[in-house]
Amino acid sequence: MVGVQDWQASEQAPAAGRTPVGRPQLSLALTAMMDGVHAHSGAVYLRAPDEPVLEMAVTAGLPRSFAAPWERVGLSAPIPVAEAVRTRRLVWVGGEGEMARRYPRIAVVLPYPFALAAMPVATATTVYGAVYVTWPGSHPPDLTDRERTHLTTACDRLALRLERAAQENRPPRADPDLLSGPAEWGMAGGTLGTVEAARMVARLPYGLCSLDLNGRISFANAAAAELLGAPVSELLGTHLWASVPWLNDPVYEDRYRAALISQHITSFVALRPPGTWLSFRLYPSTGGLSVRISRARAVAQMNRGGPQPGDASSRLVTISQVLSLAGALTEAASVQDVVQLVADEISPAVGSQALVLLGSRAGRLHVLGHRGHPDPQVVERLDGIPLLAPTPGAHALRSAVPAFFESREQLEHLYPMHHASPDAFAAWAYLPLIVSGRPVGTCVLAYAAPHPFPADERAVLTSIGGLIAQALERALLYDAKHQLAHGLQAALLPHSLPSLPGIEAAARYLPATRGMEIGGDFYDLVPSPPLAAAVIGDVQGHNVTAAALMGQIRTAVRAYTTVGQAPEEVMRSTNRLLIDLGADLFASCLYLRLDPARGQAVMARAGHPPPLLRRPDGRVRVLDLAGGPLLGIDASATYATTEVELTPGCLLVLYTDGLIEKPGVDIEDALADLGERLRPIGDRPLDELADTLVRDCAAAEERIDDVALLLLRAGGDG
């Protein structure tokens, strides 16, 4: 490997030499970083010229195939190198557990003990890429200051070198990945050092073989050949799991990966047909693996569920890619989440530059979303095309058969009408999205240049189409429920507040983010000349039942107000109605009869949080109102009233508990905090004030309860 001194010497070389900055220079920088912190693998990514994508430029220490799912990475992807670029800082993952918590997609594919650091390669103005390096699981859980300084300084130097190369128009050039040098394939000479050592190994009663970092056999003794059932000449230079058919299973290849990444000894047992169990013990180093093979004792009686001979198994790299993408797709909730995730994760992984996601409804195609197309109008022309139309997207959806077009000529030969509406791309993959035999859409991946689709790539793309289909079906159902919930909520709450003489009003509602995002919080403002009424309440639950009951309560309060019942009677009547409905749900409620002409308000409360009153001089107090129990508990309950002075300029703040309740915060402290916030801003226009009071709740990633807020100010123009 290249030492730190080599890198430092190259940095001090005169600029007049104009050494081309290509991947060889990236290799020097990477190996210098790894040597300086004793890392055992790493990779350099470069920013793609015209895409928000990082592309793996060179790797060192471990085969590129180990990181195959992340050879092309979207900048928004939740993995360490992308996060390092987004945040412009070093990202440290101290071990297997932390990787599983923070980056579960990587942990699914590489469930081994190792530590990782990712750093941006950037100047003050430009991001050129990123670097990651890894250590075995024996590395301490924290990065030392020396390691951190060495890595960040080296990345800064690399960024400056790339900046100079860009200014001089010198693009990176190709260079092989850096692994240990090839060994002499055989039993003596360079592999074991002396002929006598080779003879000694040949006499051992158990099998020994050596694998390089790519898993190829570089040495095998006679005992290994006998146990594996293949001559040494057929084993050398091949992969163990390829040259020995009964080892051709991802489970065994996974042990090889685990040993190299973790640098821990690993082992497994395998059945050699017809009934011999063999034990394999793998001893790793940074240059490869030594494997000891022996007969396993009493394994047959253990009834192991290992793979049987002749099983056809997919290659592990393909499984890794599918696992990574499957993990990503499980995080998509809405249709637009699916579109964005396909753009960020799948398109970079398969090398496409644009995508369109098509659905079907009422016998026609509909564009669900698209990314990467320079002219959106070309995509919009697909919207509304009949499913029977002779187009590749419709045909893929009808036939459930994927279509691959390696060039524009291939596409236009089968679909001449495509010539009339050309786009900027040169190859396409049309993937039907099928769930349980039912088509849900088509995913169209577009490539900027002609692109061959070999059989293995077609198989991978078809498998990915199945994953997208399942995610899309879930997302379509989620969006339908979401639209239903919001439509129902909007129908049950006032579309606007009526204009009342002498009273200004403003209201806000925020649904909970759990469940169906629909709840039982409600408010209303009821004109009842010469007076008016206001009500706010909260029905237990965040579901359709709670919302429906909320609508019934709101209607009942409005009806009882209209017929002229006094506040205490409105509450008693509503309570009896709720019990008669037999809904088994409770509700809190606060009812006000407003008389702005006399400057008074009469209030009745049923287990609801107390309102706040802010006077024109800025003083705020919590109104300790008389009242009764929650609605729906006791049919004989009574609700006492309290008369409150409401002079011009006074502001009443009515709210539900979602506005003030926070985990670990006492309700009295929360009320005091709301009063402190209200004191200096209470004179603002009501709409601005309402937005300010709910801002923290609106910005929260998760709301466990919905929020309703009703502001009433006396002395307004009405």
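Colleague: Where is the place of Val694 in this one?
Modeller: In this predicted model, Val694 has its place in helix H21, which covers residues 686-699.

Colleague: And is Val694 buried or exposed?
Modeller: Val694 has a relative accessible area of 7%, and since the cut-off for buried is under 20%, Val694 counts as buried.

Colleague: OK, which residues is Val694 in contact with, leaving aside neighbours within four places in sequence?
Modeller: With those neighbours left out, Val694 is in contact with Arg508, Leu510, Leu659 and Leu709. Ala708, which is 14 residues away from Val694 in sequence, has its C-alpha 9.0 Å from that of Val694.

Colleague: Switching to aromatics: how many aromatic pairs does the structure hold?
Modeller: There are 10 aromatic pairs in the structure. One of them joins Trp92 and Trp135, whose ring centres are 5.5 Å apart and whose planes stand at 70 degrees, so this pair is edge-to-face.

Colleague: Which strands do Trp92 and Trp135 lie in?
Modeller: Trp92 lies in strand E4 (residues 91-93) and Trp135 in strand E6 (residues 127-136), so the pair ties together parts that are 43 residues apart in sequence. Trp92 and Trp135 are both buried.

Colleague: What about Tyr252 and Phe268, how does that aromatic pair look?
Modeller: The rings of Tyr252 and Phe268 are stacked, with 4.9 Å from centre to centre and 25 degrees between the planes. This pair links distant parts of the chain, as Tyr252 is in helix H11 (residues 250-262) and Phe268 is in strand E9 (residues 266-272), 16 residues apart. Tyr252 is buried with a relative accessible area of 5%, and Phe268 is buried too, with a value of 13%.

Colleague: Which residues do ring pairs link into a cluster?
Modeller: Phe66, Trp241 and Tyr256 are linked into a cluster by ring pairs. Over the face of Phe66 lies Arg257, at 5.0 Å from the ring centre.

Colleague: And what sits over the ring of Tyr206?
Modeller: That is the charged end of Arg292, which sits 3.9 Å from the centre of the Tyr206 ring.

Colleague: Last topic, Asp212: where is its place?
Modeller: Asp212 is in the loop between strand E7 (207-211) and strand E8 (217-220), and with a relative accessible area of 19% Asp212 is buried.

Colleague: Which backbone nitrogen does the side chain of Asp212 reach?
Modeller: The Asp212 side chain reaches the backbone nitrogen of Asn214, at 2.9 Å. Leaving aside neighbours within four places in sequence, Asp212 is in contact with Gly287, Gly288 and Tyr256, and Tyr256 is one of the residues in the cluster with Phe66 and Trp241.

Definitions and conventions:
Residues are numbered from 1 along each chain as its sequence is written. This is a predicted model: local features need pLDDT of at least 70, side-chain atom pairs count only at pLDDT 80 or more; totals for chains, interfaces and linings use all residues. Side-chain values use heavy atoms; hydrogens and water are left out. Helices (H or I, at least four residues) and strands (E, at least two) are DSSP runs, numbered from the N terminus. Buried means under 20% relative accessible area, exposed over 50%, partly exposed in between (1.4 Å probe, protein chains only). Contact means heavy atoms within 4.5 Å. Rings of Phe, Tyr and Trp (its six-membered ring) pair if their centres lie within 6.5 Å; planes under 30 degrees apart count as stacked, over 60 as edge-to-face and the rest as tilted. A charge sits over a ring if NZ of Lys or CZ of Arg is within 6 Å of the ring centre and within 35 degrees of the ring normal. A polar contact is a pair of N or O atoms within 3.5 Å; within protein, one must be able to donate a hydrogen and the other to accept it, and residues adjacent in sequence count only if both atoms are side-chain atoms.
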